[in-house]
Amino acid sequence: MNYNFFDKLEIVGGNKLFGTFKNQTSKNAVLPIMSASIMSSGVVKINQVPDIVDVTNMKKILRKLGVKIKKQKNDLILDPREIKNFKVDENLSKTMRSSIFLLGALLSKFKVANITLPGGCTIGARPIDLHIEALKKLNVLVTEHEKGFSFDATHARAGKVKLKIPSVGATENVVQFAITLSGKTTIYNPAREPEVVDLCNFLNAMGAKIVGAGTKKITIYGVDSLNGAQYKPIKDRIVAGTIMVATAITKGSVTIIDGCAKENKSLIKILSSMGCQIDIKNDIINVSREGELKNTNIVTGYFPKFPTDLQSIMLPLLCLAEVESKVKEKVFENRFLMVKELNRMGANITLFDAQTALVRGSTALRGRTVKATDLRGGAGLVVAGLVAKGKTIVSDVHYIDRGYDHIENMLFSLGADIRRVCQKQK
Ligand code: UD1
């Protein structure tokens with residue numbers, strides 16, 4: 001997907017969503033898998049890669065390093081055999097936080113790496129101290145310079161790493177880095193997110209020896225090299241969750257194929273308690289709602305707790321529920337950025353502090369011109385637009401395009417009145 005900075009989405013609220021939705025592949029699985037492929041001594045084929053801006057940017061970063069990339073229908077073929085360059089392009093690195101995921105793979109391959117401070121959403125400080133601390137434990141020499149950090153792994157050795165916070169990125173970096181260290185590396189308190197498990201499954205498919213992904217301890221037994229592989233990453237639990245909430249807010253009925261039912265347990269529990277009907281069979285989820293919505297409280301957390309990425313998607317739904325609902329954001333420090341925009345649409349949300357919101361229910365949302373502030377916050381505004389009275393225009397769609405493979409097509413195919421307005425820079 002190309003980066004169209006001035007695109008807007010126009011939504012006329014009121015249509016109920018009906019039909020069948022086939023879920024896309026997970027952004028947070030595919031990005032680290034793409035970066036990990038540079039460690040392979042052969043060709044890697046990744047199936048069903050979504051057409052999203054973060055993938056486009058990751059392809060640009062990898063190509064600059066020397067990876068040859070071909071598209072075959074929806075599959076990507078990556079050939080890292082002639083990769084020579086270990087410096088991530090500074091400007092590209094700023095476009096997405098996922099560039100930090102290259103650190104472990106680059107260090108494993110070249111024993112040196114240079115990282116400029118990564119970019120990404122505006123949802124919080126998103127430091128990389130845990131990544132650095134963990135690598136230091138494995139005897140990597142880290143030097144801070146004006147724009148970022150240099151890493152030297154010449155004297156690195158396998159060992160034990162305990163993460164203070166189960167950070168997804170730090171876990172993924174340590175796992176990748178430890179793969180070619182001779183001996184056994186153990187990560188205590190790793191992230192248990194399904195995308196971390198998927199990365200480990202991919203690495204194992206390339207010949208790595210990783211056990212315990214998805215539990216409270218991951219063990220990596222060093223191997224000499226990784227071979228090529230073909231891999232189909234998991235589906236996107238956040239996109240499935242977005243469609244579930246969008247269906248609930250419009251009082252529709254949608255069947256989601258590959259809905260990530262197991263991974264979305266916390267969301268399904270909340271939606272059911274609010275009065276939505278949810279039927280699951282073989283990962284096909286049917287979501288519908290007929291009656292009014294009950295209020296609820298949400299506390300985000302690390303997997304398997306309620307995902308922070310679905311918090312802003314839920315806010316418009318809570319606006320329609322009875323009485324009031326409380327939302328506590330416990331992962332990021334600044335994830336209520338879209339509240340200001342949602343309040344402009346008629347929501348009545350009070351922020352007690354940067355991480356606690358009180359959402360007053362029974363609120364009628366109305367169409368407005370609003371600005372996406374970050375990826376999931378932007379998607380939350382689109383969900384609000386589906387039920388708002390009149391027309392909602394969401395600008396800065398480029399944030400949403402980072403993770404959703406054409407959100408307007410997904411929702412239009414389910415009956416929403418939504419279209420993308422492409423505008424060129426004047
Ligand atoms: C990943 C996901 C993102 C998701 C998040 C939490 C990708 C590409 N992105 O982001 O969509 O919202 O997990 O599930 O997979 N932290 C530190 N120091 C560090 C690293 C993290 O303090 O060195 C803090 C962060 O500021 C944050 C918390 O740890 O408050 C969790 O962050 P982390 O799990 O690392 O998120 P990401 O990997 O960046």
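**Close-up views of a predicted model**

**View 1. Arg376 in helix α12.** R376 is found in helix α12, which spans residues 375–385, and, like everything shown in these views, it belongs to a predicted model. With a relative accessible area of 1%, R376 counts as buried, because the cut-off for that class is under 20%. The side chain of R376 is joined to the side chain of Y404 by a polar contact of 3.2 Å. R376 also takes part in the lining of the largest cavity, which is the subject of the next view.

**View 2. The largest cavity and its lining.** A search of the whole structure finds one cavity of 30 Å³ or more, and the volume of the largest cavity is about 30 Å³. Its lining is made up of S26, K27, N28, E195, D236, R237, I238 and R376. Two or more of these lining residues come from each of the elements α1 (27–36) and α8 (237–249). By residue class, the lining of the largest cavity divides into five charged residues, two polar ones and one nonpolar one.

**View 3. Polar atoms facing the ligand.** A polar side-chain atom of S167 lies 2.6 Å from an oxygen atom of the ligand, while a polar side-chain atom of D129 is placed 2.7 Å from a nitrogen atom of the ligand. P127 contributes through its backbone, a polar atom of which is 3.1 Å from an oxygen atom of the ligand. Taken on its own, the ligand has 740 Å² of accessible area, and the protein covers 91% of this.

**View 4. The shell around the ligand.** The ligand is surrounded by 21 residues, of which D129, L130, S167, D309 and V331 are the closest. At least two residues of this shell are supplied by each of the helices α5 (129–137) and α6 (168–178), and α5 gives the most, with three residues. In terms of residue class, the shell around the ligand comprises nine nonpolar, six polar and six charged residues.

**View 5. Helix α10 and its covered residues.** Helix α10, which runs over residues 311–320, is mostly covered, since nine of its 10 residues fall in the buried class, that is, under 20% relative accessible area. The buried residues of α10 are Q311, S312, I313, M314, L315, P316, L317, L318 and C319.

Note on methods. Residues are numbered from 1 along each chain as its sequence is written. This is a predicted model: local features need pLDDT of at least 70, side-chain atom pairs count only at pLDDT 80 or more; totals for chains, interfaces and linings use all residues. Side-chain values use heavy atoms; hydrogens and water are left out. Buried means under 20% relative accessible area, exposed over 50%, partly exposed in between (1.4 Å probe, protein chains only). Helices (H or I, at least four residues) and strands (E, at least two) are DSSP runs, numbered from the N terminus. A residue is near a molecule or strand if one of its heavy atoms lies within 4 Å of it. A polar contact is a pair of N or O atoms within 3.5 Å; within protein, one must be able to donate a hydrogen and the other to accept it, and residues adjacent in sequence count only if both atoms are side-chain atoms. Accessible areas come from the Shrake-Rupley method with a 1.4 Å probe; for residues, only the protein chains shown count as cover. Ala, Val, Leu, Ile, Met, Phe, Trp, Tyr, Cys and Pro count as nonpolar, Asp, Glu, Lys and Arg as charged, and the others, Gly among them, as polar. On a 1 Å grid over the protein atoms alone, a cavity is a set of points where a 1.4 Å probe fits but cannot get out, and a pocket is an open set with protein on both sides within 12 Å along at least five of seven lines; lining residues have an atom within 4 Å of a point. Grid points are joined across faces, edges and corners, and a volume is the space filled by probe spheres set on the points.
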